[in-house]
Amino acid sequence: MRKMLCEIFKSPLKDEMYLYVDKRHGLQDVPEALLERFGKPVPVMTMILTENKVLARAEAGKVMAAIDDKGFYLQMPPAKEEYLLDLYRTPTQARY
């Protein structure tokens, strides 16, 4: 079974945006333009990834493939539920 020591960073600029990289290479393969938009990466954790490892919002096999291919995997924040966005669009009035 293949294993990868993966380091995970969170973005200080965008909630729930994470960057996964191979611990041996660090951030050297991450494009400068991405780091500018991501902000200064904040280390969150280091873990051993295997293809059948269960992750909260990503498939470990896809994360490992992206790191092999591009040198990183970017996990974007989850999409907001449409009904939650409606709460901000609808003007509200207090009624007694």
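Student: What should I know about the model before reading values from it?

Tutor: The model is predicted, so local features need pLDDT of at least 70 and side-chain atom pairs count only at pLDDT 80 or more, while totals for chains, interfaces and linings use all residues. Residues are numbered from 1 along each chain as its sequence is written, and side-chain values use heavy atoms, with hydrogens and water left out.

Student: Which elements make up the protein chain, and in what order do they run from the N terminus?

Tutor: Helices (H or I, at least four residues) and strands (E, at least two) are DSSP runs, numbered from the N terminus. The protein chain has three helices and four strands, and their order is β-β-α-β-α-β-α.

Student: How do I read the sheet, and what is its strand order?

Tutor: Strands of a sheet pair through backbone hydrogen bonds, either parallel or antiparallel. Here two strands count as paired if DSSP finds at least two bridges between them. The four strands form an open sheet in the order β3-β1-β2-β4, with antiparallel pairing. At the edges are β3 (42-50) and β4 (73-75), each of which pairs on one side only. On average, neighbouring strands of this sheet are turned by 25° against each other, direction ignored; axes are lines fitted to C-alpha atoms, for helices over the stretch in contact, and angles run from 0 to 180 degrees between N-to-C directions.

Student: How many bridges join β1 to β3, and how many join β1 to β2?

Tutor: Strand β1 (residues 3-10) is joined to β3 by eight bridges and to β2 by five. Glu7 of the chain shows both pairings: its bridge partner in β3 is Thr46, and in β2 it stands opposite Val21. Ile8 stands opposite Met45 in β3. Between β2 and β4 there are three bridges, again antiparallel, with Tyr73 in β4 as the partner of Tyr20.

Student: Is β2 mostly covered or mostly open?

Tutor: Buried means under 20% relative accessible area, exposed over 50%, and partly exposed in between (1.4 Å probe, protein chains only). In β2, four of the five residues are buried. Over the protein chain, 33% of the 96 residues count as buried.

Student: How is a pocket found, and which residues line the largest pocket?

Tutor: Rolling a probe the size of a water molecule over the atoms shows where empty space is left. On a 1 Å grid over the protein atoms alone, a cavity is a set of points where a 1.4 Å probe fits but cannot get out; a pocket is an open set with protein on both sides within 12 Å along at least five of seven lines, and lining residues have an atom within 4 Å of a point. The largest pocket holds about 160 Å³ of space, where grid points are joined across faces, edges and corners and the volume is the space filled by probe spheres set on the points. Its lining consists of Ile8, Tyr18, Tyr20, Val44, Met45, Met47, Leu55, Ala56, Arg57 and Gln75. The elements giving two or more residues to this lining are β2 (18-22) and β3; β3 has the largest share, with three residues.

Student: How do the lining residues divide by type?

Tutor: Ala, Val, Leu, Ile, Met, Phe, Trp, Tyr, Cys and Pro count as nonpolar, Asp, Glu, Lys and Arg as charged, and the others, Gly among them, as polar. The lining of the largest pocket has eight nonpolar residues, one polar and one charged.

Student: Where does Lys53 lie, and which residues does Lys53 touch?

Tutor: Lys53 lies in the loop between β3 and α2 (60-70) and is partly exposed, at 34% relative accessibility. Contact means heavy atoms within 4.5 Å. Not counting residues up to four places away in sequence, Lys53 touches Met47, Ile48 and Ala60.
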